[in-house]
Amino acid sequence: MRKEKKSGKKTGSKDILYRFVMAVLAVCVPVAAYFCDYIYVVVQSTLFQLFSQLQGNSADTGETYDTYSLHDIVTDFLPLIRSNADAASSLGETLAPLKTPAIFVAVFFVLAILLAVVIFFFSCFSKKKTVPLCIAGGGILSMIGLAVSFRYLTVPILDGTISLSDFVSNAIISMLMPMVATISELRLSTGFFIMLFLFIAMILWALANKLIEAGDKPPKQKKVKKEKKTADAK
């Protein structure tokens with residue numbers, strides 16, 4: 001009896017540790033999605049490169065890079081768009097070719113966060129490991145879908161179909177804008193990879209615990225047929 005109680009305590013402690021780690025990993029997904037840098041942008045300026053070369057700095061390529069998180073977009077860009085209705089309408093017309101891939105990016109992004117929330121509640125209120133394992137797999141598929149959609153989103157920007165000059169109403173400035181600044185690189189950054197690795201970590205953690213759980217189970221005893229007591233029957 002004592003041995004059974006000890007084994008039960010060990011199993012319970014392992015289960016609590018599994019659920020705690022799984023919940024922490026799940027919580028980190030929306031945190032990374034909102035606060036971590038998600039978009040990496042490189043802007044090429046031929047004009048700045050020329051100025052640098054005239055000053056004797058031949059190593060300067062005229063490239064500047066920046067990163068943006070969802071938090072930056074919400075706090076910095078959205079208030080500007082809301083305060084200027086005309087700019088918002090013209091921006092919508094300019095970005096019309098990006099509407100479809102942008103919708104897919106948003107859908108996969110929100111889906112990944114929702115799946116992480118579901119995993120968190122499963123970890124808190126259920127001992128099941130198979131369901132969170134499958135949901136984490138869905139999270140990885142969502143991140144892959146997000147990456148593919150973002151790739152289609154960046155193609156019109158990088159090939160010049162949509163340029164920074166499209167956002168300028170003045171004709172002269174619009175003509176000179178390609179010399180001042182062009183986007184040469186646009187890709188997903190730290191936040192995306194952290195979310196992806198968190199889902200992978202959830203799968204590995206759930207699989208490891210399932211294997212440990214399977215190893216702790218005693219082997220099934222073979223059913224022994226009851227021998228007929230012929231002597232007693234006689």
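This is a predicted model: local features need pLDDT of at least 70, side-chain atom pairs count only at pLDDT 80 or more; totals for chains, interfaces and linings use all residues.
Figure 1. Phe120 is in contact with Ala23, Ala26 and Val27, when residues up to four places away in sequence are not counted. Phe120 and Leu25 are separated by 95 residues in sequence, yet their C-alpha atoms are 8.3 Å apart in space.

**Figure 2. Helix H5 and its buried residues**. Helix H5 consists of 27 residues. From its first C-alpha to its last, H5 reaches 39 Å, close to the 39 Å expected at 1.5 Å a residue. The buried residues in H5 include Pro101, Val105, Phe109 and Ala112. Leu115, Ala116, Ile119 and Ser123 of H5 are buried as well. An α-helix has 3.6 residues a turn, so residues three or four places apart point the same way.

**Figure 3. Lys127 in the loop between helices H5 and H6**. The loop that holds Lys127 lies between H5, residues 99-125, and H6. Lys127 has a relative accessible area of 59% and is therefore exposed, the cut-off for this class being over 50%. With neighbours within four places in sequence left aside, Lys127 is in contact with Asp15 and Arg19. Between Lys127 and Arg19 there are 7.5 Å in space, C-alpha to C-alpha, and the two are 108 residues apart in sequence.

**Figure 4. Packing of helix H5 against helix H6**. The axes of H5 and H6 are 8 Å apart, and the two helices pack at an angle of about 160 degrees. Angles over 145 degrees count as roughly antiparallel, and H5 and H6 are therefore roughly antiparallel to each other. The crossing of H5 and H6 is left-handed. By class, the residues in this contact are 21 nonpolar and 5 polar, with no charged residues.

**Figure 5. Helix H6 and the residue Ser142**. Helix H6 spans residues 130-158 and has 29 residues. The reach of H6 from its first C-alpha to its last is 42 Å, close to the 42 Å expected at 1.5 Å a residue. Gly160, with a positive phi near 90 degrees, follows H6. Ser142 lies in H6. Ser142 counts as buried because its relative accessibility is 3%, and the class covers values under 20%. Ser142 touches Phe108, Leu111, Ala112 and Leu115, not counting residues up to four places away in sequence. Among these partners, Ala112 and Leu115 are themselves buried residues of H5.

**Figure 6. Packing of helix H6 against helix H8**. Helix H8 comprises residues 190-216. H6 and H8 pack at an angle of about 155 degrees, and 9 Å separate their axes. This angle is over 145 degrees, and H6 and H8 are therefore roughly antiparallel to each other. H6 and H8 cross in a left-handed sense. On the side of H6, the contact is made by Thr130, Leu133, Ala136, Gly137, Gly139, Ile140, Met143, Leu146 and Ala147. H8 contributes Phe192, Met195, Leu196, Phe199, Ile200, Met202, Ile203, Ala206, Leu207 and Lys210. By class, the contact of H6 with H8 has 15 nonpolar, 3 polar and 1 charged residues.

Note on methods
Residues are numbered from 1 along each chain as its sequence is written. Side-chain values use heavy atoms; hydrogens and water are left out. Helices (H or I, at least four residues) and strands (E, at least two) are DSSP runs, numbered from the N terminus. The expected span of a helix is 1.5 Å times one less than its number of residues. Axes are lines fitted to C-alpha atoms, for helices over the stretch in contact, and angles run from 0 to 180 degrees between N-to-C directions. Angles under 35 degrees count as roughly parallel, over 145 as roughly antiparallel, 65 to 115 as roughly perpendicular and the rest as oblique. A crossing is left-handed if the near helix is turned anticlockwise from the far one by less than a right angle, and right-handed if clockwise. Contact means heavy atoms within 4.5 Å. Ala, Val, Leu, Ile, Met, Phe, Trp, Tyr, Cys and Pro count as nonpolar, Asp, Glu, Lys and Arg as charged, and the others, Gly among them, as polar. Buried means under 20% relative accessible area, exposed over 50%, partly exposed in between (1.4 Å probe, protein chains only).
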